[in-house]
Amino acid sequence: MGAEVSRREFTREDRRRFREQVTRGTEAIARMLAEGAFVDTDGAPEPLLGMEVELNLVDRAMNPAMANDTVLQAIADPDYQTELGQFNVEINVSPRPFRDDEMLSLEAALRASLNRADAQAATTDNRLAMIGMLPTIRLEHLTPEWISADPRYELLNDQIFAARGEDIELDIDGVPLGDARVGERLTATTESILPEAACTSVQLHLRVPPQDFADHWNAAQAIAGIQVAVAGNSPFFAGHALWHETRIPVFTQATDTRPLELKNQGVRPRVWFGERWITTIFDLFEENTRYFPALLPVCDDEDPLEALDAGRVPALSELNLHNGTVYRWNRPIYDVVDGQAHVRIENRVLPAGPSVIDTMADAAFFYGLMRGLVDADRPLWSQMSFDAATENLTAGARDGLEAQIYWPTVGWVRPDELTLRRLLPAADRGLAAYGVSDKARRRYLGIIEGRCQSRRTGSVWQRETVAARERAGESREVALAGMLRDYIERMHEGQPVHTWDL
């Protein structure tokens, strides 16, 4: 959930002043980097594992339940908050040290929290579903009246459409399902950004020293295609079988402020992988300032440069608000905690689910592999082009474990083969460097190994289950609802998805 925004209309002066404040905030970042003003500049901080998990709400018929206000009242837990759509909620997991058996403790705490929340949701005749895209969602569920009541969401919707000047177009070619030789294609227009709400993710946070940020960000970018291939869990949208990780194209298209003419000119999209490796976190904030106009130009009274001159740590509220409307798959975060500034990476690539243990395995694989690559003798990103990383993300999201991924010194390889041969050992070394226990490393990386050996991700299980139901004579609508009901039952049983039967 983003910052609260109360303004409903903006003037030309609001936009001018906001641009000026964002620019001054960017200058403040540059000064703070040069002056060593971050809390972690003089040494590596204790790593903290932070996580946000977005969830869907469904009714007894497995249709989206437009009831997040009612469900949140029943849950009555401040860790649970609204999200963009009325069929969404989000749980914020408090950061904890990334060492010893802390990941195991986090798994137990997250499972207990979700069980309690689901039990409370059931008192309202609704259930929680931890899944990348709700397979029973239809286009009629994505109209403006289903935007959550928080004014920020309606305002963001209005500003994106004002910038675009026309309805949003969705156009996605799918991967053939079952015995089909030709993939399905979704073409539609929408008058709201709610297709974005259909994309439910797990967002992973890691605080890093500012001088080490670029290496961590480059590593995270380099492995994004592997992440979505090995953890795909979003194969269905609006009744169509599309990509293994359909969140990627839907989110990209649903928040696109560019009409066709600006696309043709090469204007950058707001959902952005990037276009180059970086040398400092400043590169990303500078790009956000230079390339993207404001969507929510709300200004604070603080002058960030004057705050620095007075010896205070600036909040950089305008820079953070602007940064939150540029949807990088690996986003830079500036934050002030207990009066001290720090930076962190927010990884936004992963889908939610299928189970808590799968979510923890995906997190362990990401953190471990990123650290393993950062600690390597030769940086991976010095051996591959940024375009190759971009193409890997598209291939992994579209084709899942069937994708062909480019990897330095290996060439073209399937994600499961690459993971088993090269990446799991690197992830294990990375987790060990963080101090994660042998028990936790074996538990979570063993699940990634099991997925790759069985070649079954959440997306594969969903696709195979729906294909089997359709071969048995069920319609697509009935098959999707039946699959989701089975999915939720297995989700709560808590076993990893590669062990699920059809």
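In helix α17, the residues R476, A479, L480, A481, G482, M483, L484, D486, Y487, I488, R490 and M491 are buried, where buried means under 20% relative accessible area with a 1.4 Å probe, counting protein chains only. This is a predicted model, in which local features need pLDDT of at least 70 and side-chain atom pairs count only at pLDDT 80 or more, while totals for chains, interfaces and linings use all residues. Residues are numbered from 1 along each chain as its sequence is written, and side-chain values use heavy atoms, leaving out hydrogens and water.

**The whole chain**

- The chain holds 17 helices and 15 strands; these are DSSP runs numbered from the N terminus, with helices being H or I of at least four residues and strands being E of at least two.
- Its radius of gyration is 22 Å, close to the 23 Å that the globule rule gives for 502 residues, so the chain is as compact as a globular protein of that length. The radius is taken over C-alpha atoms, and the rule is 2.2 Å times the number of residues to the power 0.38.
- Along its principal axes, the C-alpha trace spans about 70 × 50 × 45 Å.
- Of the 502 residues, 59% count as buried.
- Among contacts (heavy atoms within 4.5 Å) between residues at least 6 apart in sequence, 76% join residues at least 24 apart.

**Helix α17**

- This helix covers residues 476-493, and its 18 residues should span 26 Å at 1.5 Å a residue, which agrees with the 26 Å between its end C-alpha atoms. The expected span is 1.5 Å times one less than the number of residues.
- Its buried residues pack against β1 (48-58), β4 (127-129), β8 (236-237), β9 (240-241) and α16 (458-471).

**Helix α4**

- Helix α4 (residues 151-164) has 14 residues and reaches 20 Å from its first C-alpha to its last, close to the 20 Å expected.
- Among the buried residues of α4 are Y153, L155, L156, I160 and F161.
- The partners of its buried residues are α1 (12-35), β2 (80-82), β5 (168-173), β6 (185-190) and β11 (327-328).

**A look at V356**

- V356 sits in helix α12 (residues 356-374).
- Is V356 buried or exposed? V356 is buried, with a relative accessible area of 6%.
- Leaving aside residues up to four places away in sequence, V356 touches E107, L110, R111, L114 and M130.
- R17 lies 339 residues from V356 along the chain, and their C-alpha atoms are separated by 44 Å.

Notes
Buried means under 20% relative accessible area, exposed over 50%, partly exposed in between (1.4 Å probe, protein chains only).
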